[in-house]
Amino acid sequence: MERNRKELLEEAKRLEENTQHISVLRHDLRHNYRLIHALLTAGDEENALRHIRAMQERFEKEAGDETAKKKGL
């Protein structure tokens with residue numbers, strides 16, 4: 001029974017961490033959409049595309065980092 005309680009507490013902690021991480025991601029995503037919108041509205045397609053590419057590279061790197069963590073690399 002104690003083991004079950006400990007597992008539930010660990011799961012609750014992971015859930016809280018994931019919820020916090022999602023909140024940060026949503027904030028960052030809203031910021032990026034606003035920036036891209038402002039650049040496009042100003043006619044600055046070059047910088048909008050540059051920003052999108054930089055975001056894509058960051059997401060791909062983070063996805064690779066997460067995959068490596070799961071594989072224990």
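User: Is Glu11 buried, partly exposed or exposed?

Analyst: Glu11 is partly exposed, with a relative accessible area of 41%. Here buried means under 20% relative accessible area, exposed means over 50%, and partly exposed is in between (1.4 Å probe, protein chains only).

User: Ok, and what kind of model and numbering is this?

Analyst: The model is predicted: local features need pLDDT of at least 70, side-chain atom pairs count only at pLDDT 80 or more, and totals for chains, interfaces and linings use all residues. Residues are numbered from 1 along each chain as its sequence is written, and side-chain values use heavy atoms, with hydrogens and water left out.

User: Back to Glu11. Which side chain does Glu11 meet in a salt bridge?

Analyst: That of Arg14, at 2.6 Å, N to O. A salt bridge here is a side-chain nitrogen of Lys or Arg within 4 Å of a carboxyl oxygen of Asp or Glu. Both residues lie in helix α1, three residues apart, about one turn of the helix. Arg14 counts as partly exposed, at 42% relative accessibility.

User: Why would a spacing of three work in a helix?

Analyst: An α-helix has 3.6 residues a turn, so residues three or four places apart point the same way.

User: How many salt bridges in total?

Analyst: The count comes to four by that rule. Another one joins the side chains of Asp28 and Arg58, at 3.8 Å, N to O. Asp28 sits in helix α1 and Arg58 in helix α2 (residues 45–71), so this pair ties together parts that are 30 residues apart in sequence.

User: What else does Arg58 form a salt bridge with?

Analyst: With Glu62, where the closest N and O atoms are 3.1 Å apart.

User: Switching topic: what span should α1 have, and what does the model give?

Analyst: Helix α1 has 40 residues (2–41), which should span 58 Å at 1.5 Å a residue, and its end C-alpha atoms are 58 Å apart, which agrees. The expected span is 1.5 Å times one less than the number of residues. Helices are DSSP runs (H or I, at least four residues), numbered from the N terminus.

User: Which residues in α1 are buried?

Analyst: Asn32, Ile36 and Leu39 are buried there.

User: And what follows α1?

Analyst: Gly43 follows, with a positive phi near 80 degrees.

Conventions: Helix = DSSP H or I, 4+ residues; strand = E, 2+ residues; numbered from the N terminus.
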